[in-house]
Structure formats: C-alpha cells, structure tokens
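Here's a quick briefing to read with the structure open beside you. Take it topic by topic and click along as you go.

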Amino acid sequence: MIRALGAFGLGIARLTGALALVLARTALNLPRLDRRELFRSIVLFGYRSLPLALMAAMLIGSTVVLQAGVYAVKFGARLYTGWAAGYALTREFGPLLLGLVMAARIGARNAAELALLNVNGQIEGLRGISLDPFRILVAPRVVGSAVAITCLGSVTFLVAVCFEAVSSYFSLGLPLRVFFDSYQDMLRVGDLVGGLAKTLAFGLAIALVSTVAGLRAKGGAVGVGQAAASAVVLSCAAIFSLDLILTPFLTRLFG
Amino acid sequence: MSALLRIFGAPAILFARTLSAIRQRGVDRRATMVQLVEIGSNSSLLIVSGLAFFGAVMVTIAWAQTRKYTGNITVVGPAYFELMLREFAPLLVAILAASRVGASTSAELAAMSVNEQIEALELCAADPIAELVTPRFIASLIALPALMVIGTVAAAASARLVVTIVFGADGSAFTDARFVDATDILCAFVKAVFCGAFIPLAAAARGLKAKGGAPAVGEAVTAAVVDASMGCLLIDFVVAAAFLLIGV
C-alpha cells in the first residue's frame with residue numbers, strides 16, 4: 001500500500017518535472033525557433049486535421065441543439081435557443097470536444113513520431129552532432145500545435161454555430177433570424193475569447209503531454225504504441241483537470 | 001461519404017467475421033475475463049475522474065448563468081440530471097473509452113501484426129479473430145454500459161457536492177429523478193451498447209491492418225483513436241436524433 005502510494009507520488013513528480021522541463025526549454029528556445037519545422041508542424045497538425053475538425057464541428061453543433069432543444073421547449077424558452085446553444089458551445093462543449101478529438105489525432109501523432117525517433121536513437125544522434133533536439137524538434141512542435149489548435153478552434157466554432165442554426169431550424173422550427181438575433185443580443189465577445197483561451201490551454205496541454213510521452217518511450221515497437229496510447233490518455237486527463245481549473249477563473253474574468 | 005465508409009466499413013466487415021467466429025469457435029471465457037479487467041476496470045479511474053470533473057464544471061457554468069437570469073440554481077437541477085443521464089454521460093464516457101480502449105487495443109494488435117505474430121497464430125491453426133477480437137468485443141460490450149452507469153453516478157454526485165459545499169445551496173435537486181423516464185435510460189443504454197460494440201472493432205480493424213515496421217504501430221494507434229472517437233460522436237448523434245424523431 002505504502003509502496004504503491006510512493007510509486008504513484010514519484011510518477012506524478014516525474015511527470016510534472018518532465019512537463020516543466022519541456023515547457024521551460026520551449027520558452028527558452030522561442031526566439032530562435034526552427035522556421036521550417038514550425039511551418040511543417042502547423043501544416044501537419046493544423047491543416048491536415050481540418051477535415052476531422054470540421055466533421056467534429058458539424059456533429060457537435062447538431063448534437064448540442066438536439067440535446068438542449070428538448071429543454072428549451074420544455075421550459076418555454078424556445079426563443080433563447082440561440083443563446084443557450086451558442087453559450088454551451090463556445091464556453092464548454094466546443095473547446096472540450098475539440099480538445100478530446102485533437103488529443104486523439106495530434107497527441108497520438110506527435111507522441112508516435114517522437115517516440116519512434118527516440119527508440120531508434122535518432123534523438124541521441126542529434127545530440128551527438130551537437131544539435132539541440134529541443135530547438136529543432138520539440139519547441140517548433142509545441143508552438144505549432146498550440147497555434148494550430150487555436151486556429152482550428154475558431155473555425156470549429158464558426159462551423160458549429162452555423163450547424164446549430166440549421167439544426168434548430170429543422171428540429172425546433174426556429175427561423176434563422178431569431179436564432180442569430182438571440183445569439184447576437186445575449187452573447188458577448190468575452191464568451192468567445194474565453195472559449196478560445198480554453199482551446200489554447202488545451203492545445204498547449206496536448207502538445208506538452210504528448211511530447212513528454214514521446215520522449216519517455218523505451219524499448220522498440222511496443223514502446224512506440226504505448227507512448228501513443230499513454231499520450232492520448234494523459235492528454236484527456238489533463239484536458240478535464242484544466243477544464244475544472246479554468247472554468248471558474250474564466251467565468252470570473254468574463255462574467 | 002468516403003469518410004463514413006472508411007470509419008464504418010472495416011469495423012462492419014470485422015463485426016460479421018467476429019459473429020461467425022463466435023458461432024464456429026465459441027467464446028474464450030478466460031481471455032474475455034482478462035479483457036474485461038483491462039477494458040472495464042482499468043478504464044474506470046479515468047472515466048470516474050473525467051466525469052466527476054465534468055459534472056463540477058457544468059454546475060459552475062450553470063451557477064454563473066442562473067445567477068444572471070433566473071436567480072435560483074436548484075430550478076435547473078432535475079433537468080440537469082436528466083440531460084446528464086441521457087446525453088452527456090454516454091457521450092463523454094464513449095469518447096474517453098474510445099481514447100483509452102482504442103489506443104491500447106490497436107497498439108497491442110498492431111505490435112503483434114507488425115511482428116508477424118498474427119501469421120504465427122494462423123500457422124497454429126488458430127483463428128486470430130476468435131483468439132484476439134472476440135474477447136475484446138464481448139468484454140467491451142459488457143464494460144461500456146457498466147462504465148456509463150459509474151460515470152453518470154460520478155458526474156451527478158460531484159454536481160451535488162459542488163452545489164452543496166461550494167455554492168452553499170441545496171444540491172439534492174441534482175440527483176432528483178423527476179424528469180427521468182424509461183426512454184431516457186433506454187436511450188443512454190442504446191448509445192453505450194452501440195459504442196461498446198464499435199470501439200474494439202474499429203481499433204482491431206486498424207491494428208490488424210498495420211504493415212511495416214515500428215512507424216506502422218504509431219500510425220495504427222492514431223488512426224484507431226480518431227476512427228473510434230469520431231464513430232462514437234456519429235453514433236451518439238444518430239441515436240439522439242432517432243429518439244427525437246420517435247418523439248420520446
């Protein structure tokens with residue numbers, strides 16, 4: 001029991017230490033990022049994930065309206081569907097579901113690539129020719145995936161709101177103008193900024209966690225698979241805990 | 001359209017092959033129990049903590065909004081409980097399970113397939129589907145509804161605790177089953193069963209297809225998790241829409 005507790009505590013301390021190390025070395029390397037690797041990772045993580053993000057946005061938008069619409073009718077607040085659905089989407093469901101889907105795609109991908117380099121000794125090789133792997137591999141990826149997820153988040157919100165409007169037109173018979181009027185009257189810029197801030201935080205968490213998982217990989221092909229799997233699981237856990245920490249904070253900040 | 005085919009095509013074929021393998025070879029009880037521990041018990045910590053966090057977050061948001069417009073947070077309690085039980089808990093449990101189960105299943109099968117252990121099984125006259133896929137399929141089919149129940153309990157309990165302790169209001173409304181009827185529970189279980197069947201099939205389809213060296217394992221894991229979570233989102237949407245169309 002005590003041994004298990006100790007191992008658990010040690011594991012957490014190691015993980016936090018590794019996360020802090022990666023974050024600090026990324027921040028140190030910010031002024032001299034490898035430009036080509038940065039663009040490559042933005043294309044790889046952002047542009048290539050666009051179809052997935054759009055599909056997720058369509059589903060999230062329609063599902064939120066299907067779920068909230070029943071209650072809007074029940075409480076006689078049909079006219080406020082635009083506000084309720086928009087608020088739920090920008091503040092909670094958009095960032096959360098996009099974060100979970102991107103944890104699966106970007107997190108697993110990044111961890112698998114880094115783990116493969118690590119297992120094959122290519123990262124040692126970089127050190128051997130006195131190139132800092134953090135400067136040319138890790139920092140551009142962390143920055144690139146955080147930027148990519150925030151951009152994807154704004155596109156996702158836009159597409160999801162359009163799908164919410166269409167879906168409330170079909171399921172509740174709500175005219176599009178009424179939907180967007182209540183959306184415009186009752187939502188403020190702060191709500192959108194809060195949602196994007198959440199998305200950025202999730203993106204940074206995914207990037208850091210998957211990098212740590214990738215760099216810690218040991219032992220051949222099995223290690224690569226395990227690194228990808230643990231990156232996804234740890235990213236999901238990180239997203240949920242960040243959500244809990246950020247929500248009261250953002251609510252106080254943006255009302 | 002091609003994305004739909006890609007996500008559901010291979011799992012559908014694998015589903016048919018799994019059914020015929022179950023008919024011909026039966027189910028290996030022991031392996032199923034092992035997978036039940038791996039899929040059900042080992043995912044429960046992630047799912048309970050995730051859903052508990054989610055319940056607390058949703059209540060915090062509801063608190064901020066009701067203070068602005070209606071005043072009393074406990075008014076939304078019963079509706080919140082129904083929404084949690086019917087929609088949110090099944091969706092989030094399915095997505096978390098898709099990440100966790102999808103990643104571990106596809107990593108294991110892809111590593112076996114890359115190391116040619118699947119061919120070795122075939123050489124021993126064993127059916128890889130009956131040996132590897134069937135136990136995972138049955139175990140996940142049993143485990144997902146159970147995980148969904150645990151997750152719903154965790155979310156509702158944390159909502160009630162947060163309202164009572166942090167906001168100092170009466171939290172018992174958040175476990176008030178006034179609006180819950182049989183169709184809500186049926187809807188939740190239909191989602192859980194469909195997702196439970198889909199996740200291991202999608203992951204196994206990607207894992208068994210992995211070819212090449214170590215990079216193939218990482219690629220299989222990525223593709224499997226994406227397939228599984230997108231598939232679960234789609235299943236959730238279709239089931240919710242179907243229940244809405246029937247009008248219950």
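Let's start with burial: 52% of the 255 residues in chain A are buried. Chain B comes out at 53% buried, out of its 248 residues. Keep in mind that this is a predicted model.

**Chain A overall**

- The C-alpha trace of chain A spans about 65 × 50 × 35 Å along its principal axes.
- If you take the contacts in chain A with a separation of 6 or more, 89% of them are between residues 24 or more positions apart.

**Chain B overall**

- Chain B has 7 helices and 0 strands, and from the N terminus on its elements read α-α-α-α-α-α-α.
- Along its principal axes, the C-alpha trace of chain B covers about 70 × 35 × 35 Å.
- For chain B, residues 24 or more positions apart make up 87% of the contacts with a separation of 6 or more.

**Where the chains meet**

- On the chain B side, 41 residues are in contact with 42 residues of chain A.
- Which helices of chain B each supply at least two residues of the side that touches chain A? They are helix 2 (29-69), helix 3 (77-114) and helix 7 (214-246).
- Helix 7 of chain B gives the most to that side, with 18 residues.
- By residue type, the side of chain B that touches chain A splits into 30 nonpolar, 7 polar and 4 charged residues.

**The nonpolar core**

- The largest nonpolar core has 167 residues. Ala228(A), Val232(A) and Val221(B) are the ones with the most contacts inside it.
- Helix 4 (residues 81-119) of chain A provides the largest share of this core, 24 residues.
- Leaving out residues up to four places away in sequence, Ala228(A) touches Ala108(A), Ala111(A), Ala112(A) and Ala115(A), and on chain B it touches Ala103(B), Ala107(B), Gly218(B), Val221(B) and Thr222(B).

**Helix 6 of chain A**

- Does the length of helix 6 (residues 133-171) of chain A agree or disagree with what 1.5 Å a residue predicts? Its 39 residues should span 57 Å, and the end C-alpha atoms are 53 Å apart, which agrees.
- Helix 6 of chain A has a kink of about 30 degrees at Ala139(A), shortly before the proline Pro140(A).
- Just after helix 6 of chain A comes Gly173(A), with a positive phi of about 70 degrees.

**Val43(A)**

- Val43(A) sits in helix 2 (residues 35-45) of chain A.
- Is Val43(A) buried or exposed? It has 12 other C-beta atoms within 10 Å, and a residue with 12 or fewer counts as exposed, so Val43(A) is exposed.
- Val43(A) and Gly144(A) are 101 residues apart along the chain, and their C-alpha atoms are separated by 8.6 Å.

**Positive phi in chain B loops**

- Glu116(B) has a positive phi of about 60 degrees although it is not a glycine. You'll find Glu116(B) in the loop between helix 3 and helix 4 (117-123) of chain B, and it is exposed because it has 11 other C-beta atoms within 10 Å.
- Ala125(B), also not a glycine, has a positive phi near 65 degrees. Look for Ala125(B) in the loop between helix 4 and helix 5 (128-166) of chain B. Ala125(B) counts as exposed because it has 6 C-beta neighbours inside 10 Å.

**Arg160(B)**

- Arg160(B) lies in helix 5 of chain B.
- Why does Arg160(B) count as buried? It has 21 C-beta neighbours inside 10 Å, and 20 or more are needed to be buried.
- Setting aside residues up to four places away in sequence, Arg160(B) touches Gly171(B), Ser172(B), Phe174(B) and Thr175(B).

Key: Residues are numbered from 1 along each chain as its sequence is written. Chains are lettered from A and ligands numbered from 1 in the order in which they are written. This is a predicted model: local features need pLDDT of at least 70, side-chain atom pairs count only at pLDDT 80 or more; totals for chains, interfaces and linings use all residues. Two residues are in contact if their C-beta atoms, placed from the backbone, lie within 7 Å. Helices (H or I, at least four residues) and strands (E, at least two) are DSSP runs, numbered from the N terminus. Ala, Val, Leu, Ile, Met, Phe, Trp, Tyr, Cys and Pro count as nonpolar, Asp, Glu, Lys and Arg as charged, and the others, Gly among them, as polar. The expected span of a helix is 1.5 Å times one less than its number of residues. The bend at a residue is the angle between axes fitted to the seven residues ending there and the seven starting there. A nonpolar core is a set of buried Ala, Val, Leu, Ile, Met, Phe, Trp, Tyr and Cys residues joined through C-beta atoms within 7 Å.
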